[in-house]
Amino acid sequence: MTETRMRDDITRMAKSLFDRGLTFGSSGNISARIDDGWLMTPTGSTMGNLDPAKISKLDDGGKLVSGDAPTKESFLHIAMYEERPATGAVVHLHSTHSVAVSSLADVDPKNVLPPVTAYYVMKIGTLPLIPYFPPGDLDLARAVREMASKHHAVLLANHGPVVAGKSLEDAVYATEELEETAKLHLMLRGLDTKYLTDGQVQALKENFPN
Ligand SMILES: [Zn+2]
């Protein structure tokens with residue numbers, strides 16, 4: 001895929017996320033791998049109105065080559081790419097239902113969401129919770145890096161999800177699946193619920209590996 005096409009795809013998918021309320025203000029960021037580095041949404045930009053020409057371009061070392069300065073959360077993306085070499089794109093949102101779940105007191109930090117649907121198991125599978133760190137704290141980068149080697153999706157406590165995918169579409173669709181499952185989980189709290197069984201989850205993971 002050409003760089004120009006990727007710039008247009010990031011702009012289009014970011015606007016789609018914004019228009020559906022999955023991201024708002026200047027929150028959230030998207031990155032994608034290209035032949036000679038990465039494209040990343042700029043700091044302070046709104047996902048609803050990106051200028052493809054101003055998207056940050058970083059070289060293989062993470063240094064800005066052209067465009068506006070990248071998101072201050074670029075370290076979340078770089079951690080995923082470096083720990084997961086097959087990653088083609090990373091999405092990070094402050095989407096409402098995922099943030100709500102990330103703030104619950106009684107979740108299992110090893111796997112935050114239950115297996116509500118087969119699609120969630122296939123697109124996310126296991127979702128660890130990363131403890132809360134204030135913005136800019138380098139310990140957050142270290143914590144994400146430790147989890148990223150084993151998981152393509154993580155949830156930052158009181159903050160939001162970081163999801164890696166083989167392609168931009170994969171990363172965006174998996175993030176949307178996570179957000180919808182977080183919404184379902186909140187709707188089902190307090191209701192007697194039948195989740196997928198351990199055997200059903202295992203069969204899905206074997207037949208549809210991430
Ligand atoms: Zn964030």
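Biologist: Which residues of α2 are buried?
Modeller: The buried ones are S74, L76, H77, I78, A79, M80 and Y81. Buried means under 20% relative accessible area, exposed means over 50%, and partly exposed lies in between, with a 1.4 Å probe and protein chains only. Helix α2 is mostly covered, with 7 of its 10 residues buried.

Biologist: What counts as a helix or a strand here?
Modeller: Both are DSSP runs, numbered from the N terminus. A helix is H or I with at least four residues, and a strand is E with at least two.

Biologist: And what sort of model is this?
Modeller: This is a predicted model, where local features need pLDDT of at least 70, side-chain atom pairs count only at pLDDT 80 or more, and totals for chains, interfaces and linings use all residues. Residues are numbered from 1 along each chain as its sequence is written, and side-chain values use heavy atoms, with hydrogens and water left out.

Biologist: New topic, the metal. Which residues coordinate the zinc ion?
Modeller: The donors are two OE atoms of E73 and the NE2 atoms of H92, H94 and H159, at 2.0 to 2.8 Å. A donor is an N, O or S atom within 2.8 Å of the metal (3.2 Å for Na, K and Ca). Water is not among the atoms, so sites may look incomplete.

Biologist: How are those donor residues spaced in sequence?
Modeller: The pattern is E-x18-H-x1-H-x64-H. E73 and H159 link distant parts of the chain, 86 residues apart. E73 is in the loop between β4 (64-66) and α2 (74-83). H159 is in the loop between β7 and β8.

Biologist: Are E73 and H159 buried or exposed?
Modeller: E73 is buried, and H159 is buried too.

Biologist: Why is β8 described as largely enclosed?
Modeller: Strand β8 (residues 160-165) has 6 of its 6 residues buried, so the rest of the structure largely encloses it.

Biologist: Which way do β5 and β8 pair?
Modeller: Antiparallel, over 4 bridges, with β5 at residues 89-92. Two strands pair if DSSP finds at least two bridges between them. V90 stands opposite A164 in β8.

Biologist: How many bridges join β7 to β8?
Modeller: There are 4, and these strands run antiparallel. Strand β7 covers residues 153-156. V154 stands opposite V162 in β8. β7 and β8 form a hairpin with 3 residues between them. N158 in the turn has a positive phi of about 55°.

Biologist: Switching to charges. How many salt bridges are there?
Modeller: The count comes to 12. A salt bridge is a side-chain nitrogen of Lys or Arg within 4 Å of a carboxyl oxygen of Asp or Glu.

Biologist: What about E3 and K57?
Modeller: Their side chains meet in a salt bridge, 2.9 Å from N to O. E3 lies in helix α1 (residues 3-19) and K57 in strand β3 (residues 56-58), so the pair ties together parts 54 residues apart in sequence. E3 is partly exposed at 25% relative accessible area, and K57 is buried at 12%.

Biologist: Where do R145 and E82 sit?
Modeller: R145 is in helix α5 (residues 138-148) and E82 in helix α2, 63 residues apart. Their side chains form a salt bridge at 2.9 Å, N to O. R145 is partly exposed at 29%, and E82 is partly exposed at 47%.

Biologist: And R142 with E146?
Modeller: They form a salt bridge, with the closest N and O atoms 3.3 Å apart. Both are in helix α5, 4 residues apart, so about one helical turn separates them.
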